[in-house]
Amino acid sequence: MISFAILRSVSRSLNTSRLYSQSRWIRPTTRFYTRGCVNTSVHYSEAELGKLRSLERHFDRRLRSVYQRFTDVPDHTAIQGSHHVYVVDGQGIFRVAHGDGEQDMEQVLHIDWAGDMDGIIQRVRLSPKESVLAATVKPDHCEEARCVLVRLEEFTVPQQPMLVLDKVFSFEWATDDVLFYTTQKGLQCRHVFRLHLTDAGAQSELVYKEKDPEFFVEVSRSRDQRILTVNCSSKSSSEVWMIDSRSPLSRPKLVQPRQPGLLYHVEHSDNQLYILANTGPGHEYQLPTWACAIETQRLNTANKDTFSFLLSSPVHPPVRYHLCPAHNRPLSQEDDPQHILLPEYHTTRLKARSQDGTMVPLTLFHMQPLSDLSEAPLLVHVYGAYGLDLNMGFCPEKRLLLEDNWVLAYCHVRGGGECGIAWHSAGRLHFKRKGVEDLSACIQTLFQSGVSQPMLSALTARSAGAVLAGALCNKHPQLLRAVLLQAPFLDVLGTMQDPSLPLTIEERGEWGDPLADPLHRDNIASYCPCHNITPQLYPSMLITAYSGDSRVPPSGVKKYVERLREAIQTHISSLGVKGPIPTVLLDLQHGADHFGPEDFDRSLRESARQLAFLYTALDYRGSRQKMTGRRKRTSK
């Protein structure tokens with residue numbers, strides 16, 4: 001029998017792959033409808049983006065240099081097997097026997113085995129005794145992946161796959177001949193199958209079907225590999241079914257029925273089942289003051305008694321730590337890694353008082369002391385949706401900005417997950433505008449604290465974070481000079497009124513159902529960025545969208561751009577405004593999905609273009625300005 005131990009602690013994901021929308025506020029105002037202008041809009045943006053090409057090439061070179069500096073940071077790209085180490089590299093998976101050098105690597109899977117398509121290897125799982133490898137390959141222009149199974153022999157390199165499964169999202173081995181996997185249709189996962197590999201062939205059987213369209217289903221495996229779990233999750237509830245790997249053909253067992261407001265996760269160790277839930281306080285460990293993100297180690301690790309993970313921040317490269325049950329604090333594996341010997345910087349944590357008195361956390365990264373930041377450029381980050389934390393993992397682009405004396409501010413507004421499930425609930429549905437109020441309070445608190453000023457400030461958001469960003473621009477455009485949006489969710493009302501779109505029904509728990517509830521419709525209409533544009537001067541914007549994005553339809557982004565440009569032009573014409581005119585650029589990338597280009601070079605060029613826009617919009621020269629100053633001083 002498996003005994004049960006309940007650990008009550010807040011359970012939230014720091015690194016989540018399923019993203020969609022964002023939050024907002026706004027007053028009903030004049031609405032703009034422009035027809036037949038999409039092609040004109042695209043051509044206009046291409047011409048304006050062309051003006052950034054020279055500076056874009058400059059940042060492309062600088063980014064490549066920054067990435068090169070951090071090529072030796074630890075990661076989890078290597079999968080440890082019983083006999084070999086497996087590495088994902090380019091178009092395949094390679095292995096090398098323990099103790100052998102890299103020159104002895106042999107390829108065990110090629111991406112072409114998934115079929116005639118260009119894509120990337122997404123997930124890799126080894127069977128317990130390393131006899132079979134399973135990996136998903138995701139096409140460049142689609143989110144539905146194929147799972148390739150390869151039979152591994154100790155002395156023979158496989159020449160072809162033993163099986164290919166279509167539309168697989170998550171998968172885990174129970175034994176060397178039983179694989180559990182979920183299938184994906186559009187952007188929804190509701191079915192769990194059990195694949196049994198026998199001498200007579202492979203047999204697949206449905207073992208779970210989710211009936212509630214607001215729930216998403218995936219499978220996972222405990223660190224000790226004893227149990228597999230079927231995890232059913234909505235925006236406000238969860239339910240877990242358990243499968244013992246010692247009897248993988250038995251029916252899944254329910255751990256705890258779903259209840260509104262109850263979120264939990266299941267782990268197993270030493271014949272104990274641990275349930276991590278949002279029902280009470282948990283045990284806390286003291287982490288380094290700079291740590292902002294955690295990434296857990298892959299399964300199939302050699303030492304199952306130690307919990308290994310990476311700690312990082314947007315400007316601090318990952319450092320590997322280990323935690324054993326006998327210790328109350330993490331211990332770094334590396335005493336003095338070379339890549340940590342970087343110029344010193346400050347991590348400052350502030351709180352902003354929102355409109356209703358709620359204190360909202362802020363995290364700042366800056367090179368100069370707080371008292372010397374009044375003339376520094378500021379880049380503000382926000383998300384605030386789905387109970388998810390802001391992405392605060394290491395990013396070389398952020399390190400470049402920091403070393404150019406930018407201040408990086410991360411606003412942990414309501415609707416996100418930084419302060420638990422109550423924080424999320426306080427910023428969803430009818431409380432969406434609270435996130436916009438929080439964002440406004442954070443920016444104004446920075447200015448009042450002597451950090452930067454509106455003419456040197458920019459805001460960046462992606463996906464659902466664009467709801468807050470767009471709503472803030474409608475309500476307080478004077479707070480910012482520039483805005484960067486990626487794959488932005490801007491037409492909330494239009495999207496939530498179209499149930500034919502892949503995520504509309506699943507997302508009702510976050511935004512509401514405007515078709516069934518007039519109060520929900522009025523609430524969404526009050527803050528939706530696309531439906532509250534009014535004639536005024538907006539910040540300059542660079543909006544990056546992707547033609548293959550099935551989560552945020554590009555049509556809504558184009559609609560927003562046209563309405564925004566018309567509003568700015570109406571304001572300028574009616575008042576005879578003179579001086580700089582805000583630029584609204586649409587960078588429509590072809591062939592990429594919601595998460596942007598998979599190709600490194602294309603992704604780097606996109607980041608360089610965004611940096612070129614930021615420096616141009618804020619009229620900031622960064623390192624070039626500092627170098628010019630040094631040359632002038634030298635010539636005297």
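**Helix packing and loops**

Modeller: I will begin with helix 3, residues 396–403, and helix 11, residues 600–617, which pack at an angle of about 25° with their axes 11 Å apart. Please keep in mind throughout that this is a predicted model.

Biologist: OK, so are helix 3 and helix 11 roughly parallel or oblique to each other?
Modeller: They are roughly parallel to each other, because an angle under 35 degrees counts as roughly parallel. The crossing of the two, helix 3 and helix 11, is right-handed.

Biologist: And which residues make that contact between helix 3 and helix 11?
Modeller: On the side of helix 3 they are Glu397, Leu400 and Leu401, and these meet Ser607, Leu611 and Tyr615 of helix 11.

Biologist: What about helix 2 and helix 11, how do their axes cross?
Modeller: Helix 2 covers residues 53–69, and its axis comes within 8 Å of the axis of helix 11, with the two crossing at roughly 120°. That angle makes helix 2 oblique to helix 11, and helix 2 passes helix 11 in a right-handed crossing.

Biologist: Who is touching whom there?
Modeller: Helix 2 contributes Arg53, Leu55, Glu56, Phe59, Asp60, Leu63, Arg64 and Tyr67, while the residues from helix 11 include Phe600, Asp601, Leu604, Arg605 and Ser607, and also Leu611 and Tyr615. The whole contact of helix 2 with helix 11 divides into ten nonpolar, two polar and seven charged residues.

Biologist: Switching topic, how many helices and strands does the chain have?
Modeller: The chain has twelve helices and 30 strands. Of its 636 residues, buried ones make up 54%, and the chain exposes about 28400 Å², of which carbon and sulfur atoms supply 50%.

Biologist: Is valine 382 buried or exposed?
Modeller: Its relative accessibility is 3%, so valine 382 counts as buried. Leaving aside neighbours within four places in sequence, valine 382 is in contact with several residues, among them Leu390, Cys411, Val413, Leu439 and Leu459.

Biologist: One last thing, what is phi doing at leucine 429?
Modeller: Most residues other than glycine have a negative phi. Leucine 429, however, has a positive value near 50°, and its place is in the loop between helix 4, residues 421–425, and helix 5, residues 432–448. With a relative accessible area of 21%, leucine 429 is partly exposed.

Biologist: And serine 452, where is that one?
Modeller: Serine 452 lies in the loop between helix 5 and strand 27, residues 457–462. Although serine 452 is not a glycine, its phi is positive, at about 60°. Its relative accessibility is 6%, so serine 452 counts as buried.

Notes: Residues numbered from 1 in each chain as written. Predicted model: local features only at pLDDT ≥ 70, side-chain atom pairs only at ≥ 80, totals over all residues. Heavy atoms only, no water. Axes fitted to C-alpha atoms, helices over the stretch in contact; angles between N-to-C directions. Helix = DSSP H or I, 4+ residues; strand = E, 2+ residues; numbered from the N terminus. Parallel < 35°, antiparallel > 145°, perpendicular 65-115°, else oblique. Left-handed = near helix turned anticlockwise from the far one by under 90°. Contact = heavy atoms within 4.5 Å. Buried < 20%, exposed > 50% of the residue type's maximum accessible area, 1.4 Å probe, protein only. Areas by Shrake-Rupley, 256 points an atom, 1.4 Å probe, with all protein chains shown as cover. Nonpolar A, V, L, I, M, F, W, Y, C, P; charged D, E, K, R; others polar.
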